Protein chains: 2
Amino acid sequence: MRSRRPIVLVVGGGFAGLAAARALRGADADVALLDRQNHHVFQPLLYQVATASLSPANISAPIRSTLRGVGACQVVLANVVGVDVEAKRVLVDEGSVPYDYLVLAAGVRHDYFGRDEWAGVAPGLKTIEDATEIRRRMLLAFESAEHEGDAASRRAALTFAIVGGGPTGVELAGAIKGIASKTLPKEYRNIDTTTARVILFEGGPRLLGGFPEASSQRALQDLERMGVEVRLGALVSDVRTDAVVVGDETIGVQNVFWAAGVKASPIAETLGAPLDRAGRVIVGEDLSVPDRPEIFVVGDLASFTPEGSGRALPGVAQVAMQMGKHAGGVIREEIAGRGAAARARAFRYRDRGSMAVIGKNRAIAVLGEKEFSGFVAWSLWACVHVAFLVGFRNRLRVMLSWVFNWVWNSHDARLIVGEAKLRVRQPEGPGFEPAERPPGS
Amino acid sequence: MRSRRPIVLVVGGGFAGLAAARALRGADADVALLDRQNHHVFQPLLYQVATASLSPANISAPIRSTLRGVGACQVVLANVVGVDVEAKRVLVDEGSVPYDYLVLAAGVRHDYFGRDEWAGVAPGLKTIEDATEIRRRMLLAFESAEHEGDAASRRAALTFAIVGGGPTGVELAGAIKGIASKTLPKEYRNIDTTTARVILFEGGPRLLGGFPEASSQRALQDLERMGVEVRLGALVSDVRTDAVVVGDETIGVQNVFWAAGVKASPIAETLGAPLDRAGRVIVGEDLSVPDRPEIFVVGDLASFTPEGSGRALPGVAQVAMQMGKHAGGVIREEIAGRGAAARARAFRYRDRGSMAVIGKNRAIAVLGEKEFSGFVAWSLWACVHVAFLVGFRNRLRVMLSWVFNWVWNSHDARLIVGEAKLRVRQPEGPGFEPAERPPGS
């Protein structure tokens, strides 16, 4: 049986999965990466696709190209639905694939606090499709407002609610306010887009919970200075197609975007391993599953609490990359016969800092003990994100777009793709005399 | 009644509609442009989106931005369904909008020779959505082939049929062959993408029917040298999900792309005006509809036969722009009280030449009496297309992408968006021993 090379399957082409595949370079094994998409997405810039600054392809790279230089790694487009841990097989739509080692990096999805019916109303931001859907809805809202005769409906079309005050929520809120106040004003006749309301709801006591207190404070100030309404300690109790309910207040709003909870990929449940409250797999010090040394879980799907810290590592790109690299390294060493030493070395996360953009020239950056804000943090953010973007050519494209955005406040990817139907209650003709206004629908 | 300013409606934001709106600049009228999309698409480069060279936003511009500098022109996102010529109203989904002048530039759609059931199987190339759908199918075909164990199905996945040998068909065929032979070869393990078959079917006796004979000949030679199979005088009699039938030959093929006939937008029928065989509106010398001097039809939807020529002008960007400009000008003059002179001046098309790209460094260009081919024509083509692209920033983006494509043979927009399910008949595991191959689905 052991005459053949061991098979290592990596499930997921996000930061964790790619890092694992790269760490397996040179291993004496057949390595395959399975993902249901053909492309890796650079998630930290997804909000810029949602707000029409960048094109989807600018922040994506075909997984095949990305791993082209990586030895014997195969890439398989497949929808993984579970794991048969006894048979050591990954279950895909078309059948199953055997493994000797498994690195599960299947990530997380949105969690609507058990209110799954909100999903259709309040899209979240995890995939390219999510981003273009948010972009579509945001752009359509301004078009609706332009031709809406009913004052309350027009107000609702010009109101955007964002639920969740982590980095994604903060970045989305800032960017939408920016496009409304800087890019669009000259293009509409009947509405003043600078009056658009952007409301950011956060259930906890402060924004950017993972950042130091002072940075949270600064983010709040900056957002409010830009005109974003921030509601802290605000628990959303209902999300409807025309309103959002917070406490005893009902706010008319056409668009709600979701940046709050996450829950684990359902694949996690099929492992039969202990899960945390969000359904993530609790992993050991070597990132493997208890009693299943051949299965590693990395990235957002893993719940890893460093010794001495009472808190699991956050679901961010840096953690994912380091976990993937560690797990891939352990497997490579074990295959090479140096497993004991590799297993004994616990995973240690090296926090290189956190960043969040708030608006043009405004960001928050925490590097070690140092906290930065304003233009300095914004420049740091831009450099780091361009540097980590996959692909030299995309780096140039993104830089070019950022220069355009910075100089002209442009958002050139303002493309409504898919259904472009206005949600107008009382349509107003294109500025003609009221007597000739078209009849309401 | 005549105390108010006249209302001019332009239906369609393509080349013809935009040119009409621009020509109406400064007219003492309320001008509105209606389109069901928020963006103008630079159609001549659509095939590059379909073949993953450019991103959708690179060749699109929000109609609002495009017309921002154009005086009193309003932009309305609305789906026009017809015209009530007696009441002088344009019918939209939400009601109707009155006009004093109407410029109809609603374009054409694909025509499947009456076989509408082929539409789902063989997508055409008119919109951004069409282009990303063709891109999705093309990329999925290579992924399917990579994991297809059945030889005939693998062959079919690696075969692309294009129906229609006009510029779109020629450009699509050349680009698909290019991506298969230059960009993809290093990325697949189990297949040799250079063996992909691209078959171009043309019903007539030569390619590029609108071009001089010699250019058609050269296009044929160039395509065949690149490895594209060209079948002239080949009438497709059936299009199935797994094959295409031509004469008594059935060719196994997973993907068929449609670049053959067009038919007029159904709005044309509601005018009650004479139509040509393709349903296009036959217009008079001033581009207005017979007996309806207030209605102009321009662009692909118009059938205009210049005096002395026995042939209607082709549906290309240049004709559309010149028609739109002419119609807008006549209306502007008439509103200014100089209608008689403007109406008396018949529309005259100035042919500035035609071009079609075949592949890297290969194109066909006809300028007046001169015919160019090869690298010279290709350079001309690139310059002209960048120059006419809407928006300075998109020009830079497209040039940058073309430099990348030229130097590295890159196609960076290789993004499968939407359903990414393989069509595999006999799935093969990711290169492992046959004994452990996953069971067929």
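Does B:Thr250 count as buried, exposed or partly exposed, and at what relative accessibility? At 48% relative accessibility, B:Thr250 counts as partly exposed, the classes being buried under 20% relative accessible area, exposed over 50% and partly exposed in between (1.4 Å probe, protein chains only).

The views show a predicted model, in which local features need pLDDT of at least 70 and side-chain atom pairs count only at pLDDT 80 or more, whereas totals for chains, interfaces and linings use all residues. Residues are numbered from 1 along each chain as its sequence is written, chains are lettered from A and ligands numbered from 1 in the order in which they are written, and side-chain values use heavy atoms, with hydrogens and water left out.

View 1. Leaving aside neighbours within four places in sequence, B:Thr250 is in contact (heavy atoms within 4.5 Å) with B:Arg240, B:Ala243, B:Val244 and B:Val245. The C-alpha atoms of B:Thr250 and B:Asp238, which are 12 residues apart along the chain, are separated by 9.0 Å.

**View 2. The interface of chain B and chain A.** Here 74 residues of chain B are in contact with 74 residues of chain A, and the area buried between the chains is about 6500 Å², of which carbon and sulfur atoms give 54%; buried area is the accessible area (1.4 Å probe) that two parts lose on being put together, summed over both. The rule finds 12 salt bridges across this interface, a salt bridge being a side-chain nitrogen of Lys or Arg within 4 Å of a carboxyl oxygen of Asp or Glu. A:Lys421 forms a salt bridge with B:Glu94, with the closest N and O atoms 3.6 Å apart.

**View 3. The two copies superposed.** A rotation of 180° with 0.0 Å of shift along its axis superposes chain B on chain A, with an RMSD of 0.0 Å, and the two copies are thus related as by a two-fold rotation axis. The superposition is by least squares on the C-alpha atoms of residues with pLDDT of at least 70 in both copies. Of the interface residues of chain B, 100% are also interface residues in chain A, so the copies meet through the same surface.

**View 4. A:Ser288 in strand β20 of chain A.** A:Ser288 is buried, with a relative accessible area of 8%. The side chain of A:Ser288 makes a polar contact with the side chain of A:Asp286 at 2.8 Å; such a contact is a pair of N or O atoms within 3.5 Å, of which, within protein, one must be able to donate a hydrogen and the other to accept it, and residues adjacent in sequence count only if both atoms are side-chain atoms. Not counting residues up to four places away in sequence, A:Ser288 touches A:Val283, A:Pro293, A:Ile295, A:Phe296 and A:Arg343.

**View 5. Positive phi angles at A:Lys88 and B:Ala52.** A:Lys88, although not a glycine, has a positive phi of about 55°; this residue lies in the loop between β6 (80-84) and β7 (89-92) of chain A and is partly exposed, with a relative accessible area of 34%. B:Ala52, also not a glycine, has a positive phi of about 70° and is found in the loop between α2 (46-50) and β4 of chain B, where B:Ala52 counts as buried at 0% relative accessibility.

Key. Helices (H or I, at least four residues) and strands (E, at least two) are DSSP runs, numbered from the N terminus.
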